[in-house]
Amino acid sequence: GKARLENEYAVNRLLSKRRVRVPEILRVSVPDRVLVERYIEGSPLVVLVKEAASSKSMSEEDVAVASKVGSTLAKIHESGVSMGDAKPENFQRSVEDEVYSLDLEQAGKSGDKAWDLAEFLYYSGHYVFPGVPSGGFKQYVNAFIQGYRQEGDENVLKKAAGVRYGRVFSFWTPPLAILEISKALRNAA
């Protein structure tokens, strides 16, 4: 617990200095293993994912937020950090439509950036009900990828499209969602 607390604190400070939005740290007690961060008013990104998965199309504001998430993850990677746990639940959409990265206890300087991308997208895909992914979900995936491309390394996108990543998520993400995500990643790379 102490190591994860120290890691979350260090990564939070590093990313904050690199202008990645993270919650402000208000108090830390290493002996008590407590880190208190400022509450970010808004909604977890998973709310946007669920809306995209069940709609024919997304609003311009929602597309912009999905793109900001991709850009945020690319900035994290450009800072030399991999999140390790990059699922949509670990991003927060503020009331101003800014994107914050949360839960950085597994983040670190060594890690697989392609895993972060794959985990984020394929985990998002598990909100697609069995069947064909909606137009809104396809927009969400493409907006995220475009946001990542603006700031990040296209080779990471290419690697994330690999079968080994999609296979990991095949237990809870519908096959057609995996197919759409991997196709979008390959097309972007």
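Two strands are taken as paired if DSSP finds at least two bridges between them, and strands (E, at least two residues) and helices (H or I, at least four residues) are DSSP runs numbered from the N terminus. The views show a predicted model, in which local features need pLDDT of at least 70 and side-chain atom pairs count only at pLDDT 80 or more, whereas totals for chains, interfaces and linings use all residues. Residues are numbered from 1 along each chain as its sequence is written, and side-chain values use heavy atoms, with hydrogens and water left out.

**View A. The open sheet of β3, β4 and β5.** Three strands form this open sheet in the order β3-β4-β5, with antiparallel pairing. Because β3 (42-44) and β5 each have a single partner strand, they stand at the edges, and one side of each is left without a neighbour in the sheet. From one strand to the next the twist averages 25 degrees, where axes are lines fitted to C-alpha atoms, for helices over the stretch in contact, and angles run from 0 to 180 degrees between N-to-C directions. β3 is joined to the antiparallel strand β4 (residues 91-94) by three bridges, and Gly-42 stands opposite Ser-94 in β4. Helix α2 packs on the sheet, touching β3 and β4, and its direction makes about 70 degrees with that of β3; contact here means heavy atoms within 4.5 Å.

**View B. The hairpin of β1 and β2.** Strand β1 (residues 25-29) runs antiparallel to strand β2 (residues 34-37), and four bridges join them. Val-28 has Leu-35 as its bridge partner in β2. Four residues lie between the strands of this hairpin, in which Arg-33 takes a positive phi near 55 degrees.

**View C. Positive phi in two loops.** Most residues other than glycine have a negative phi. Arg-19, although not a glycine, has a positive phi of about 65 degrees, and its place is in the loop between α1 and β1. With a relative accessible area of 73%, Arg-19 is exposed, on a scale where buried means under 20% relative accessible area, exposed over 50% and partly exposed in between (1.4 Å probe, protein chains only). Asp-103, also a residue other than glycine, has a positive phi near 55 degrees; Asp-103 is placed in the loop between β5 (99-101) and α4, and counts as partly exposed at 28% relative accessibility.

View D. Rings of Phe, Tyr and Trp (its six-membered ring) pair if their centres lie within 6.5 Å, and planes under 30 degrees apart count as stacked, over 60 as edge-to-face and the rest as tilted. The whole structure holds nine aromatic pairs. In the pair of Phe-137 and Tyr-140, the ring centres are 5.8 Å apart and the planes lie at 35 degrees, so the pair is tilted. Both residues lie in helix α5 (residues 135-151), three residues apart, about one turn of the helix. Phe-137 is buried at 0% relative accessibility, and Tyr-140 is buried with a relative accessible area of 1%. Together with Phe-91, Phe-120 and Phe-144, these two residues form one aromatic cluster.

**View E. Tyr-140 in the largest nonpolar core.** A nonpolar core is a set of buried Ala, Val, Leu, Ile, Met, Phe, Trp, Tyr and Cys residues joined through side-chain atoms within 4.5 Å. The largest has 52 residues, of which Tyr-140, Ile-145 and Leu-185 touch the most other members. Helix α5 gives the most to this core, with seven residues. Leaving aside neighbours within four places in sequence, Tyr-140 is in contact with residues including Leu-45, Val-49, Met-58, Pro-88 and Phe-120.
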